[in-house]
Amino acid sequence: MKLFTIFTPTYNRSILLDRLFKSLCNQTIRNFEWLIVDDGSTDDTEEVITNFTKSADFPIRYIKQKNQGKHIAINTGIKNAQGKWYLPIDSDDFLGGNALEICQNLALEAENKEFGGFTFIHAPEEMYGKDKINNTNKRVDSNYEWDFAGEMVYAFKMEIIRKYPFPVFENEKFCQESVQLIPIIKNYKILYTDHILAFGEYLEDGLSQNLYQRLLDNPNYAMLALKTKLIMAKSRDEKKMITKNYWDIALKTKQSKIKTFFNFPFSLNYSYFKLRFFQKLKA
């Protein structure tokens with residue numbers, strides 16, 4: 001069994017995959033497989049991957065599914081992965097030269113059963129090749145205030161992430177990854193680090209674009225994500241904002257008010273509608 005499954009979900013990104021492939025070829029260890037799940041691409045992704053397999057000195061596996069959204073591609077990847085660790089790298093990103101060697105060391109540090117995974121940083125592309133790429137700060141809680149430009153990438157033990165697949169809502173294709181991440185973070189220790197190991201930029205056609213419209217187009221997933229975020233909400237104001245956004249999605253997409261009400265904490269619903277009632281009285 002390989003230590004890592006490098007997992008890449010992709011959709012019509014064949015032109016970008018070569019950079020990620022080359023960064024995998026440049027790694028200093030070979031204890032990994034690369035698993036690509038194609039979410040119904042209409043470009044030449046399959047041909048590009050086939051050509052990669054001819055020259056790669058590490059296993060490459062390619063699975064194509066009908067277009068269902070990134071979260072379902074993740075489900076497919078987790079189900080078919082053969083590594084001990086799940087390490088996601090998007091098709092428009094790439095790894096630093098010794099990234100997997102560092103990840104191998106982090107995996108050893110997080111071997112204890114109390115740990116669900118570890119993190120590293122995905123940074124803007126212009127930081128690649130600069131000094132201070134690999135730092136040494138580590139924590140086992142998320143209350144950090146490290147100064148870095150980028151976002152956290154979570155690598156999880158395969159046995160852990162398989163417990164948390166995304167649910168399936170018919171005719172909806174966008175689900176925020178917090179639906180999967182938050183329950184794991186809540187139930188397991190995470191080794192947080194400030195190693196900068198992955199690089200890339202958000203593309204104009206990326207999933208981060210037009211988020212609000214995506215939430216309206218996928219209301220069941222949007223409301224589930226907001227409900228999940230309550231797990232991590234600490235302040236009353238955070239909970240009030242989440243409740244407001246939850247009902248904004250529900251009302252604008254004409255969800256069942258009874259079902260919506262009973263799927264959310266009563267106390268927050270009560271406070272929200274009490275406030276709305278008094279606001280209408282003042283209007």
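**Close-up views of a predicted model**

**View 1. Strand 4 and its side chains.** In strand 4 (residues 85–88), Trp-85 and Leu-87 point one way while Tyr-86 and Pro-88 point the other way, and all are buried. Buried means under 20% relative accessible area, exposed means over 50%, and partly exposed lies in between (1.4 Å probe, protein chains only). Strands (E, at least two residues) and helices (H or I, at least four) are DSSP runs numbered from the N terminus. This is a predicted model, in which local features need pLDDT of at least 70 and side-chain atom pairs count only at pLDDT 80 or more, while totals for chains, interfaces and linings use all residues. Residues are numbered from 1 along each chain as its sequence is written, and side-chain values use heavy atoms, with hydrogens and water left out.

**View 2. Partners of strand 4.** Strand 1 (residues 4–10) runs parallel to strand 4 and is joined to it by 4 bridges; two strands pair if DSSP finds at least two bridges between them. Phe-4 has Trp-85 of strand 4 as its bridge partner. Strand 4 is also joined to strand 8 (residues 151–157), by 2 bridges in an antiparallel arrangement. Here the bridge partner of Trp-85 is Lys-157.

**View 3. Strand 8 and strand 6.** Strand 8 is largely enclosed by the rest of the structure, because 6 of its 7 residues are buried. Strand 6 (residues 115–123) pairs with strand 8 in the antiparallel sense over 6 bridges. Within this pairing, Phe-118 has Ala-155 of strand 8 as its bridge partner.

**View 4. Ser-41 and Asn-12.** Ser-41 sits in the loop between strand 2 (32–38) and helix 2 (45–55). With a relative accessible area of 5%, Ser-41 is buried. A polar atom of the Ser-41 side chain lies 2.7 Å from the backbone nitrogen of Asn-12.

**View 5. A nonpolar surface patch.** Phe-277, Phe-278 and Leu-281 make a nonpolar surface patch of about 330 Å². Patches are made of residues with over 30% relative accessible area and no salt bridge, with like charges joined within 9 Å and nonpolar side chains (Val, Leu, Ile, Met, Phe, Trp, Tyr) within 5 Å. A salt bridge is a side-chain nitrogen of Lys or Arg within 4 Å of a carboxyl oxygen of Asp or Glu. Leu-281 belongs to helix 11 (residues 266–282), and counts as exposed because its relative accessibility is 56%.

Key: Accessible areas come from the Shrake-Rupley method with a 1.4 Å probe; for residues, only the protein chains shown count as cover. A polar contact is a pair of N or O atoms within 3.5 Å; within protein, one must be able to donate a hydrogen and the other to accept it, and residues adjacent in sequence count only if both atoms are side-chain atoms.
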